[in-house]
Amino acid sequence: MNQTPKIFSFFAGAGFLDLGFEMTGFEITYANEIQPSFRKAYQYSRQHLRLPFPEYGFSGESITKFAEGEGWLHLKELIKDARRTSDIIGFIGGPPCPDFSVGGKNKGCEGENGKLSAAYVEIINQQKPDFFLFENVKGLWRTKKHRCFFEKLKDEVREAGYVLTECLINAIEYGVPQNRERIILLGFHRSFLEGILEGIQVEVDENPLDYIFPWKSKILYPKDKVFNYSWSKTHEFQENSDLAFPEDVPKELTVEYWFRQNDVLNHPNAEHHFKPKAGLQKFMSIQEGDDSKKSFKRLHRWRYSPTACYGNNEVHLHPYKARRISVAESLAIQSLPRDFIISPDLSLTDMFKIVGNGVPYLAAKSLAQSIHDFFSQSNYLPINKFTKQMELSLVLDSWSSMQPISAKPTPV
């Protein structure tokens, strides 16, 4: 049997998360994305990168249709067919997050986007992949009313047989030049987990996955160190100015390093940026590195970027040019390879929405590698660290039924 895990991707966007998994040895078998512009960006980038299209193609259906009738049966048949050539089937996806974002609509589970999180969990429970990844904004667990909804979703997948582990990650820790926190929930079906960890023993009061899963193994820049560096604050804006590198910060986490690495001025998306119709003087008045306001944040060339969120009047300005950043520059901030291109036929609004909504590539790749390592290292857990031990199967029984409402994500 082929051990290459096959991935069904939901809310695929332009495929940033998918690309991270694909470059780590997973196979993207199916991609679902309802937005036509996002699907076009996904297909265009794959053609340019010379990557094969998913075996079962692209779907533009709403995910809610997979939870009922013909949609449910069709997906079930695809998964059945995929199991003929692979022992491992995974679902990955980050449901749209504005309804849970502190700076977004904040409608929670009642919002149209919020309902998609419940639909994603429903199809996981119905189709029972071997594992799943659920990505969303920090507000889903930080805000009290959203956290109750999140806990309810976790209870549902536990009842369906999944053992869970979650972690609040920051993309900057994986080498992304961006301060971007996201909650990652991973679930492994109990029957599958017992198979790859057969014989492992764990302590009675520990969630086995919180201890066993290698959340920290791919971290390059621990955040307790990253945010304690003497990062540059602000400098007077001067168009096309020179500014010496400060030497005492990691250069590879800076905006300018990635601009140069991706050769953004010669990138096919270099000219794709909004031109100010008026107010150029305002562009000139904001200091380099002043990102204190919700809108009109000017990046600092020798510092990381704030969260790549391009919408809701949030405008990110170039460090030393009197304009907004380009699509090429936003792709660099999302740590995409330099040969990743957004289709030039899309509107500027769609381009920036596509880039801002994606999972940063290096973060996606690190998460995928951690899962891959988890599969391949069945003896990851050092048994001799425990005094009170019991068979993994018994612990899984216990943790599948627990409902720790006050539990917090594993810190990274």
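Q: How many residues in the lining of the largest cavity are nonpolar, polar and charged?
A: That lining divides into six nonpolar, one polar and three charged residues. Here Ala, Val, Leu, Ile, Met, Phe, Trp, Tyr, Cys and Pro count as nonpolar, Asp, Glu, Lys and Arg as charged, and the others, Gly among them, as polar. Keep in mind that this is a predicted model, where local features need pLDDT of at least 70 and side-chain atom pairs pLDDT 80 or more, while totals for chains, interfaces and linings use all residues. Numbering runs from 1 along each chain as its sequence is written, and side-chain values use heavy atoms, with hydrogens and water left out.

Q: How many cavities are there, and what volume does the largest have?
A: Rolling a probe the size of a water molecule over the atoms shows where empty space is left. A cavity is a set of points, on a 1 Å grid over the protein atoms alone, where a 1.4 Å probe fits but cannot get out; lining residues have an atom within 4 Å of a point. Points are joined across faces, edges and corners, and the volume is the space filled by probe spheres set on them. This structure holds four cavities of 30 Å³ or more, the largest being about 50 Å³.

Q: Which residues line the largest cavity?
A: Look for E135, I169, N170, A171, R180, R182, I184, V359, P360 and A363. Strand 6 (162–170) and strand 7 (181–189) are the elements giving two or more residues to this lining. Helices (H or I, at least four residues) and strands (E, at least two) are DSSP runs, numbered from the N terminus.

Q: Is E314 buried or exposed?
A: Buried means under 20% relative accessible area, exposed over 50%, partly exposed in between (1.4 Å probe, protein chains only). E314 counts as buried because its relative accessibility is 12%. You'll find E314 in the loop between strand 9 (297–298) and strand 10 (316–317).

Q: Which side chains does the E314 side chain make polar contacts with?
A: A polar contact is a pair of N or O atoms within 3.5 Å; within protein, one must be able to donate a hydrogen and the other to accept it, and residues adjacent in sequence count only if both atoms are side-chain atoms. The E314 side chain has one with the side chain of K297 at 3.4 Å and another with that of H316 at 2.9 Å.

Q: What do the buried residues of helix 13 pack against?
A: In helix 13 (residues 348–357), M351, F352, I354, V355 and G356 are buried. They pack against helix 1 (16–22), helix 2 (36–49) and helix 12 (327–333), with contact meaning heavy atoms within 4.5 Å.

Notes: On a 1 Å grid over the protein atoms alone, a cavity is a set of points where a 1.4 Å probe fits but cannot get out, and a pocket is an open set with protein on both sides within 12 Å along at least five of seven lines; lining residues have an atom within 4 Å of a point.
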